[in-house]
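Visitor: I am new to this structure. Could you show me how to read the way its helices pack?

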Amino acid sequence: MATASLDIAQHSPRATPIAAERTQPMAIEKVAEVQAHASAAPGKPSLAGLTRDELKARLAQIGVPERELKMRVGQLWHWINLRGAQTFDAMSNVCKGLRQALADAYTLYRPTVASEQVSKDGTRKWLLRMPSTGPLDKGAEIECVYIPEVDRGTLCVSSQVGCTLTCSFCHTGTQRLVRNLTAQEIVAQLIVARDRLGDWPGAMPPDGAFVPSDGGRFVSNIVFMGMGEPLYNLDNVVAAIRVMSDNEGLSLSRRRITVSTSGVVPQIERLGAEANTMLAISLHAVRDDLRDELVPLNRKYPIAQLLEACRAYPGLSNARRITFEYVMLKGVNDSDADARELVRLLRGIPAKINLIPFNPWPGARYQCSDWERIERFSEIVFRAGYASPVRTPRGRDILAACGQLKSETEKLRARARLMLEAGIGAEGVYALGDEA
Ligand code: SAH
Ligand code: SF4
């Protein structure tokens, strides 16, 4: 039943009907319909977003001698990741012959921006279309959101197309098509954001863009909170983080990169050891019976196991606390008793608790807790000694907030049209490129 009654959801979460698009009511995961593959676009492949090793291999393929490889990789790295070059011609310190050879074999192509929406609050959401990988693939679409704030600019990136998990409050989980993104496709999201924000040396920001006052970058922080479960695609996520944090290139501090997981316990240690980023855990419930319902992966890795993995997270300290995300669902997980239990569970873990007002989406069976309830919950957590910021919903008018991401160009366009017709929040809905 797609239109689950909220009353039922509130009073008896275990009895909540499952939305029709969820194929297996009690399934933890959907079957991935398309597996991960290298991004081998038909036509010339792009070098933008590749790792150093991949660049080296591409150069070797066009006959660059072994003894020159390191130096040439360094040159390309500089132009692609530090300067944002979009043509090989711009690479003035690369000899003409090599520039031509590069242009004959490769491009610096980025994913197509199929649409850009700008929220009233400055949040920007891009629908990116990846190059097609063959006759059966018309090019996956993913969403990527930029959130400007006074002291930072955060880019929310996707790690998968859709998500195999089926959290009951999350829009992304209803998407049927799922595949892993390659490391290149993950990095490309940052490159596109810098293109569109004019965030390269010498580039101009778009009209009305928030400009950092301290001369800093537009994108200062990355959160893996877009589509997908990053720890189900850890190899590519780790490789992408390596590129994004490289000091001679995109230069984002690992302490400003946060990976959010619904709780893939066996991969948490590896994330800390190999990527050394900040960790966020989508907790959302303090009892296993309720978390089983909200985050079905909990049936595999229950709360106690998850918190044990958190306690063992490499590098954990008061200066490097874990963020626990807690979505506020009216009448489901938002009581005083829930808040007190939350505090008890997290005792001893350096933590902050991020309360996320539930972002509704068409067909969702939950409601967001009332504001007074959220404040009261936050107060209990705060009094127990934890920072408990309530995450301001950003970009709600363009469905760019947490859990609202679902890349379906058709629906997006229809929605934008409806919003325009209704005269709500539709300013800044731009259609770019060749939308199907
Ligand atoms: N798959 C990962 C990362 C992406 S989701 C994870 O689950 O952690 C990013 C955050 O948004 C998670 O905390 C997720 O639980 C939350 N979220 C999902 N749907 C939401 C919704 N409708 N309203 C508010 N937060 C939501
Ligand atoms: Fe997937 Fe995260 Fe959404 Fe759950 S909340 S369905 S893990 S994207």
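Guide: Gladly. Helix H6 (residues 234-244) packs against helix H7 (residues 265-275) at an angle of about 20 degrees, their axes 10 Å apart. Helices here are DSSP runs of H or I, at least four residues, numbered from the N terminus; axes are lines fitted to C-alpha atoms over the stretch in contact, and angles run from 0 to 180 degrees between N-to-C directions. This is a predicted model, where local features need pLDDT of at least 70, side-chain atom pairs count only at pLDDT 80 or more, and totals for chains, interfaces and linings use all residues. Residues are numbered from 1 along each chain as its sequence is written, and side-chain values use heavy atoms, leaving out hydrogens and water.

Visitor: How are H6 and H7 oriented to each other?

Guide: Angles under 35 degrees count as roughly parallel, and H6 and H7 are therefore roughly parallel to each other.

Visitor: Which residues of H6 and H7 make the contact?

Guide: Contact means heavy atoms within 4.5 Å. H6 gives Leu234, Asp235, Val238, Ile241 and Arg242, while H7 gives Gln267, Arg270, Leu271, Glu274 and Ala275. These divide into five nonpolar, one polar and four charged.

Visitor: At what angle do H10 and H11 pack?

Guide: H10 (residues 336-345) and H11 (residues 371-383) pack at about 30 degrees, with axes 9 Å apart. That makes H10 roughly parallel to H11. Their contact includes Leu342 of H10 and Phe377 of H11, and its residues divide into six nonpolar, no polar and five charged.

How values were computed
Chains are lettered from A and ligands numbered from 1 in the order in which they are written. Helices (H or I, at least four residues) and strands (E, at least two) are DSSP runs, numbered from the N terminus. Angles under 35 degrees count as roughly parallel, over 145 as roughly antiparallel, 65 to 115 as roughly perpendicular and the rest as oblique. Ala, Val, Leu, Ile, Met, Phe, Trp, Tyr, Cys and Pro count as nonpolar, Asp, Glu, Lys and Arg as charged, and the others, Gly among them, as polar.
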